[in-house]
Every structure is written in C-alpha cells, then in structure tokens.
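Biologist: I would like to learn how to read strands, loops and cores in a model. Please take one feature at a time.

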Amino acid sequence: MSSRLNDLWSDLRRRQVFQVAAIYAAGAWVLVQVVDVLGPTIFGGNFERVMAWLVAVVVVGFPITVILGWLFDIKPDGVHRTSPGSATGVFAIVVSIAMLTAGTAGFVWLIKPDVHSDRIANSVAVLPFADLSADNTLKHIADGIAEVLVHQLSPIPQLTVIGGNSASHFRSDATDFLSIGEKLRAERLLVGSVQKSGNRYRISTRLIDARTGKNLWSKRFDPDNQDIFESQDEIALEVAREMDILLSEEVRDRVTRDITDNLDAYELYLLGANSARTARIEGGYAEAIDYYERALEQDPNLALAWGGLATSYFWHATKGFMELEEGIKKSGDALERALALDGELAEAHAHAIFFNIAVHGDMPAARRSYELATEYGPSFWLSYQAFGMVLNGTAQYEEAIKVFERGLELQPYKPEPLLRANLANAYSGLGEYDKAVRLGTANYIDHRGTDL
C-alpha cells in the first residue's frame with residue numbers, strides 16, 4: 001500500500017494537481033472576499049442572492065478544475081493530455097476520489113463568506129453616539145443626534161430603522177460590531193461620536209456593514225451653529241446612498257426638513273427628549289415639560305418640541321401629577337400646534353392615536369392617525385405600540401398581534417417592555433396562553449431589576 005501511495009503522490013506532483021488547486025483556491029478566495037465587501041453597495045438588496053450563486057459556481061468549479069489539472073498539461077505549445085503514470089487501478093481511483101472530496105470540503109471552508117444571521121432586509125441600526133467631551137457633558141447631545149437621525153431616516157419606506165430601546169443598549173464606542181449587528185438583526189450600523197470646542201461641534205460618523213464589520217463610509221463634520229443641521233441631513237442622505245436607496249423628491253424633503261435653525265432651542269429640545277425618554281413613574285414629566293417649553297421660547301416653530309410637549313402633558317396628567325382636565329387641554333393644544341407646523345410629523349400622529357381614543361373615544365380617528373403615522377414614519381416604533389394598545393382595548397386581537405410584531409421588528413433586542421407585554425395580552429385574548437407566558441418570561445429575563 002505504501003508503494004501505491006508513493007506512486008499516486010508522485011503522479012499528483014508530476015501532473016501539478018496541487019499547484020492547480022492552490023492557484024484556483026487563492027483566486028476564488030480573493031474573488032469571494034472582494035464581492036463580500038463591495039457586493040452590498042453594488043447589488044443592494046440582491047447581494048445575498050448574488051453571493052449564494054457565486055459561492056455555488058466556484059465550489060462546483062473546484063473539482064472540475066482539479067480533474068482537468070490531472071488530465072491535461074498547459075505547455076508553451078498548447079494544451080496536451082498528460083501521459084499515463086504508475087498510479088493506476090481501483091486503488092488509485094478510490095484514493096483520488098477521497099482526496100478530491102476532502103479537498104473540496106477544505107476549499108468550501110476556505111472561501112466561505114462571513115455567516116450572516118437572520119438580518120432584516122435593508123435595515124440600519126442607529127447607535128447612541130459616543131460623548132468624547134472631557135467632562136462627559138454632551139451625552140444628551142450625543143444621544144439626541146442619534147435620535148434625530150432616526151427621526152430623519154424613518155420616513156424612508158424602503159428602509160427599516162432600528163433605534164430606541166434596542167439600540168440604546170449599545171454605544172458607538174463599542175468594538176464588537178458583528179455581535180451588535182446580530183443582536184439587532186441589522187445589516188448596517190450607523191455609529192458616531194460628538195465633541196465640542198467653544199461654539200463648534202465635531203461629529204464623526206461611520207456606516208458599518210454589520211455582517212462583516214467593515215467600514216462602508218465615514219466622515220467628520222465640524223459644524224458651527226446651524227451647520228449642525230446640515231451635517232445631520234448629509235449623514236441621513238449618505239446612509240440612503242450607501243444602501244442603494246433612491247429617494248423620491250417627496251421623501252427626500254421629509255428627510256431633510258428643517259427641524260430648527262436655533263441651536264439653543266435644539267439643545268433644549270434634546271434635553272427634553274432625553275428627560276422624557278428616561279422619566280420614571282414616580283417622577284412624572286415635569287423636567288421634560290420644562291425643557292420643551294424653554295426650547296419653544298427660543299423657537300416657537302419647533303414642531304418636534306410641540307409634539308414632545310403634547311405627549312409629556314398627556315402622561316404627566318394621566319399619571320396624576322397635574323389636574324387631568326388641565327393636562328388634557330394642554331396636550332391637545334400642543335398636538336394641534338405640532339400638526340399645524342408639520343402635518344407629516346410621525347411622532348405627533350403617533351400621540352394622536354392615544355389622544356383620539358382616550359379623550360374623544362373616536363376609533364376611526366385613531367386608526368387614521370395610525371395610518372398617517374406609519375405613512376410618514378414607517379420605522380417609528382411607538383406608532384405600532386400605541387395602535388396595538390388601542391386594538392387590544394377593542395378586542396381586535398388578531399390585528400393587534402400583527403401591529404405589535406411590526407413594532408418588535410423595530411425593537412429586536414430587549415425591546416420596550418410594554419410592547420411585549422401588550423403582545424402577550426393580545427395572545428391571551430385569543431386563548432394562546434403558551435405564547436403569552438413565553439413573552440412574559442422574556443420580559444422578566446430582559447428587564448429584571450428595572451422598572452417595567
């Protein structure tokens with residue numbers, strides 16, 4: 001047997017099979033890696049399909065190339081059939097097939113692209129930006145810029161934007177972007193950092209392929225005063241370009257619509273949004289209301305601040321921190337002002353869902369508000385939570401489940417506990433208690449030790 005193996009080995013070397021296999025493997029590896037890096041930009045949503053076909057073709061081509069390398073030689077005067085060697089018979093054939101099988105398996109392992117988890121198609125997660133100030137006083141700005149970018153990207157119907165609770169568990173100064181991408185089910189991650197010197201901010205941003213960890217785009221901005229708003233517009237538009245999304249003129253206008261040109265009002269709005277986002281049941285929304293009102297003193301036309309004020313007044317009153325009638329009146333007035341300033345403000349329409357059903361008992365109006373909220377901001381997850389709760393309250397459980405599940409798609413990692421709790425209630429309403437229990441258990445695991 002040793003003699004036969006030696007003969008086979010000599011024949012393989014003489015026929016240059018190993019050289020042919022090595023050259024093919026190296027070329028295929030380079031090709032697959034290049035397509036894996038550039039493919040998402042070139043092929044957009046068809047990238048996964050193109051990559052699957054490419055891998056299939058090069059895998060099939062490997063054994064064919066090796067067999068041709070065994071049978072033929074390429075010489076200066078052309079291609080010739082290789083002369084027979086001493087390795088013949090059944091033994092040589094069996095061993096050759098085994099080696100070819102093992103070589104093909106090794107080749108597949110060598111050229112395989114990064115394994116992509118179950119990602120949401122055309123999705124981007126906006127992580128809270130890192131505060132790089134020496135005294136750590138820009139956290140509200142860093143978080144706020146990320147939140148405003150979610151607001152700007154949410155109107156793009158071809159894009160799923162993951163932010164809010166799920167993204168808040170990870171910051172832009174993290175390093176394990178592959179793991180973060182898997183947890184958020186995102187194809188891309190938008191990360192960044194904020195510094196400030198005098199009047200001037202420094203905003204650094206990167207768009208990362210969450211499947212490979214590779215940078216797709218990066219840029220540093222040094223905006224002064226209102227230039228910060230132009231920087232945010234450019235970031236949002238660049239994300240769309242890098243993800244091969246063509247924006248209609250109408251959607252582009254929504255993405256780049258002016259928030260305010262007053263930097264002081266903008267900072268106060270971000271402080272209010274941060275306070276509302278982190279408000280505790282026992283403290284109410286007094287601080288958020290104060291920041292929003294101060295922002296509106298600086299810029300009475302800041303629609304986002306009017307929308308935040310409407311929501312804060314509503315929950316501040318319904319939780320017993322101010323007279324209910326007064327709170328409802330102020331919430332309604334602020335909501336009306338927000339929509340008068342910006343009739344396409346998804347955040348205001350989302351609040352109108354609750355307001356129409358809780359104050360007016362008007363289900364058709366609540367549904368219309370939901371339709372407008374999801375038209376103008378299809379990735380604004382609070383719209384789905386709000387309308388799902390309305391559907392639960394009217395025992396429309398099957399529709400509620402669909403609405404909540406869309407909300408959970410936008411909050412795939414440790415989502416807002418009320419979102420999952422209300423989905424559990426919908427399943428309970430249909431008698432599917434096993435699903436309700438699983439959702440309740442997941443809520444407990446994700447949020448134990450915190451205020452649900």
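Modeller: Start with strand E6 (residues 188–197): seven of its 10 residues are buried, so E6 is largely enclosed by the rest of the structure. Buried means under 20% relative accessible area, exposed over 50%, and partly exposed in between (1.4 Å probe, protein chains only). Helices (H or I, at least four residues) and strands (E, at least two) are DSSP runs, numbered from the N terminus. This is a predicted model, in which local features need pLDDT of at least 70 and side-chain atom pairs count only at pLDDT 80 or more, while totals for chains, interfaces and linings use all residues. Residues are numbered from 1 along each chain as its sequence is written, and side-chain values use heavy atoms, with hydrogens and water left out.

Biologist: Which strands pair in the parallel sense with E6?

Modeller: Two strands pair if DSSP finds at least two bridges between them. Strand E3 (residues 123–126) is parallel to E6 over three bridges, with Ala125 opposite Leu189. Strand E4 (residues 130–131) also runs parallel to E6, joined by two bridges; there Asp131 has Val194 as its bridge partner.

Biologist: How many bridges join E6 to strand E7?

Modeller: E7 (residues 200–209) runs antiparallel to E6, with 10 bridges between them. Gln195 faces Arg202 in this pairing. The two strands form a hairpin with two residues between them, and Gly198 in the turn has a positive phi of about 65°.

Biologist: Now a loop residue. Is Thr260 buried or exposed?

Modeller: Thr260 is buried, at a relative accessible area of 6%. Its place is the loop between helix H9 (249–255) and helix H10 (263–277).

Biologist: What does the side chain of Thr260 make a polar contact with?

Modeller: A polar contact is a pair of N or O atoms within 3.5 Å; within protein, one must be able to donate a hydrogen and the other to accept it, and residues adjacent in sequence count only if both atoms are side-chain atoms. The Thr260 side chain makes one with the side chain of Asp299 (2.5 Å). A polar atom of the Thr260 side chain also lies 3.0 Å from the backbone nitrogen of Asn262.

Biologist: And the cores?

Modeller: A nonpolar core is a set of buried Ala, Val, Leu, Ile, Met, Phe, Trp, Tyr and Cys residues joined through side-chain atoms within 4.5 Å. The largest has 91 residues, and Ile145 and Tyr269 have the most contacts inside it. Helix H12 (residues 303–318) gives the most to this core, nine residues. Apart from it lies another core, of 15 residues, including Ala125 and Leu189.
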